Amino acid sequence: MIGQRIPILRFGAHLLVSIQVDIDDQMAVQLQDDLSAAIVKAGAHGVMIDISALGVVDSFIGRVLGTIAATSRILDAETVVVGMQPSVAITLVELGLSFKGVRTALNVERGMDLLRATEGEGTTDVDDA
Amino acid sequence: MKSEGGNVLPEILRGEENDLLAEWLKHQTSTGGMGGRVSEEELREKSRAFLRGFAEAAQHGNFTDIDAPEWSVVRDVLADVSRNGARQGLSPAQTATFVFSLKQPLFARIARKTNNAADLAAQLWNVTTLVDQLGLRTTELHQKGREEVINRQQRDILELSTPVVKLWDGIVALPLIGALDSERTQVVMETLLEQIVANSALIAIIDITGVPTVDTLVAQHLLKAVAAARLMGAECIISGIRPQIAQTMVHLGVELHEVVTKGTLADAFAVALKRTSRKVVNANDRVVEAARA
């Protein structure tokens, strides 16, 4: 499984990262690199990270997820983490990771609503004449 | 018939069973053992089963180790009697009387069968240690029966006390009642998170009106639940904080920062409605603001 990557999909002005496998440390770090590059390249204003299939997290993955979200925010992309399992939420809280400054939503649909609502909030769109 | 060193117990148990049973039952009722709670018929049945098993076991000549296989019938009867006693609220002493009241009729018969003092003393010693063991066993089993009851009740309370109520589409409430300890908080947190998923809740109201005291530990547990719910995309509102508890929390330095707190569940519900862009409208077309604040 060496070299496996998490795909980053683009929809509109946003990026979607769907983690469908239990990721290892290597993949998490890779994702961090890929995503920050993709945000800049696509000029994305929103990033949605779907972790609904993620059943197990350790402190490292938890921290990387937090870092990914924080990095995206610095790159001016609103970040929403969606679909966290109850067990994962409990684990992260017990580990003391609270994902400060990161938005969360129950599922992809809600996450999308959230991104749409924030669209244009902070950005000044210049309309073509 | 005289016994020369041999144990007279098997002989008594076999030969005088009915007689012994009648006298034993009389003793049981007069000493107030299981009296009242257990019907006479049932008592007779159990006593007979016990004596039969006792006689059977005595044949093997093992009077010291009641854990031996030949005593299994006796052990089963005792277990049955003790468990029932525990469930019906009898005290351990009352349950143990079932066995100890057998001493007197038994001793009287042994005395009749033996004719020298040394032999009598030896025989009595044998029987008394045996009966004591059986009596202690009933107490032990009684205790175990009680523990089973307590464990079951604890499980029941745990399940009963953590209902998550759906108030509206996307709004759930968790009314907490009773003291919160670590174990219970864990269950509460898990139920809350599961219900947030099941109801696709946007907002969860944790009502602590029924929580008698909030110390730093409880506050910490609450904050953990709030943080976990937030990670799943649901906002938490804590309601029902009584004045004394608010004061205690401030004294303890507990900070509920970033958590919305409201006095009553109604206020919290109003906030929840507002957050989900809803309002309560009077039937007479007069708009009543959902959020009073």
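Which strands of chain B does H8(B) lie across, and at about what angle to E2(B) does it run? I started the notebook with this one. H8(B) lies across E2 and strand E3 (203-210) of chain B, and its direction is at about 165° to E2(B). I keep in mind throughout that this is a predicted model.

**Entry 1. Sheet of chain B**

I counted the elements of chain B and found 11 helices and 5 strands. I then traced the strand order, which is E1-E2-E3-E4-E5 in an open sheet of 5 strands with mixed pairing. E1 and strand E5 (260-262) of chain B each have a single partner strand and stand at the edges, so each has one side without a neighbour in the sheet. From one strand to the next I get an average twist of 30°.

Strand E1 (residues 165-168) of chain B and strand E2 (residues 171-177) of chain B run antiparallel and are joined by 3 bridges. The two strands form a hairpin with 2 residues between them. In that turn I noted Gly170(B), with a positive phi of about 80°. Opposite Trp168(B) I found Ile171(B) in E2(B).

**Entry 2. Nonpolar cores**

Which residues have the most contacts inside the largest nonpolar core? I find Ala204(B), Ala228(B) and Ala229(B), in a core of 77 residues. H9(B) gives the most to this core, with 10 residues. A second core is separate and has 26 residues, among them Ala57(B), Leu78(B), Ala96(B) and Leu106(B). For the background I wrote down that nonpolar side chains tend to be buried together in soluble globular proteins.

**Entry 3. Helix H3 of chain B**

I checked the span of helix H3 (residues 40-59) of chain B. Its 20 residues reach 28 Å from the first C-alpha to the last, close to the 28 Å expected at 1.5 Å a residue. After H3(B) comes Gly61(B), with a positive phi near 75°.

Which residues of H3(B) are buried? My list is Leu43(B), Ser47(B), Phe50(B), Gly53(B), Phe54(B), Ala55(B), Ala57(B) and Ala58(B). An α-helix has 3.6 residues a turn, so residues three or four places apart point the same way. The cover over the buried residues of H3(B) includes helix H1 (9-15), helix H2 (17-30) and helix H4 (72-87) of chain B.

**Entry 4. Where the chains touch**

I counted 14 residues of chain B in contact with 13 residues of chain A. On the chain B side, helix H8 (182-198) and helix H9 (216-231) each supply at least two residues. That side has 8 nonpolar, 2 polar and 4 charged residues.

**Entry 5. Chain A**

Chain A has 4 helices and 5 strands. Read from the N terminus, its elements run β-β-α-β-α-β-α-β-α. Its 5 strands form an open sheet of mixed pairing, in the order E1-E2-E3-E4-E5. Strand E1 (8-11) and strand E5 (103-105) of chain A are at the edges with a single partner strand each, so one side of each is left without a neighbour in the sheet. The twist here averages 25° from one strand to the next.

I looked at one pair in detail. Strand E4 (residues 78-82) of chain A and E5(A) are parallel, with 3 bridges between them. Val80(A) is opposite Arg103(A) in E5(A).

Which helices of chain A lie across E4? Helix H2 (residues 59-74) of chain A lies across strand E3 (46-50) and E4, running at about 150° to E4(A). Helix H4 (residues 108-118) of chain A lies across strand E2 (14-18), E3, E4 and E5, running at about 165° to E4(A).

**Entry 6. Totals**

In chain A, 40% of the 129 residues count as buried. In chain B, 34% of the 293 residues do. Among contacts between residues at least 6 apart in sequence, 79% in chain A join residues at least 24 apart. For chain B I noted 71% on that count.

Conventions: Residues numbered from 1 in each chain as written. Chains lettered and ligands numbered in written order. Predicted model: local features only at pLDDT ≥ 70, side-chain atom pairs only at ≥ 80, totals over all residues. Buried ≥ 20, exposed ≤ 12 C-beta atoms within 10 Å, placed from the backbone. Contact = placed C-beta atoms within 7 Å. Pairing = 2+ DSSP bridges. Expected span 1.5 Å × (residues − 1). Nonpolar A, V, L, I, M, F, W, Y, C, P; charged D, E, K, R; others polar. Axes fitted to C-alpha atoms, helices over the stretch in contact; angles between N-to-C directions. Core = buried A, V, L, I, M, F, W, Y, C linked by C-beta atoms within 7 Å.
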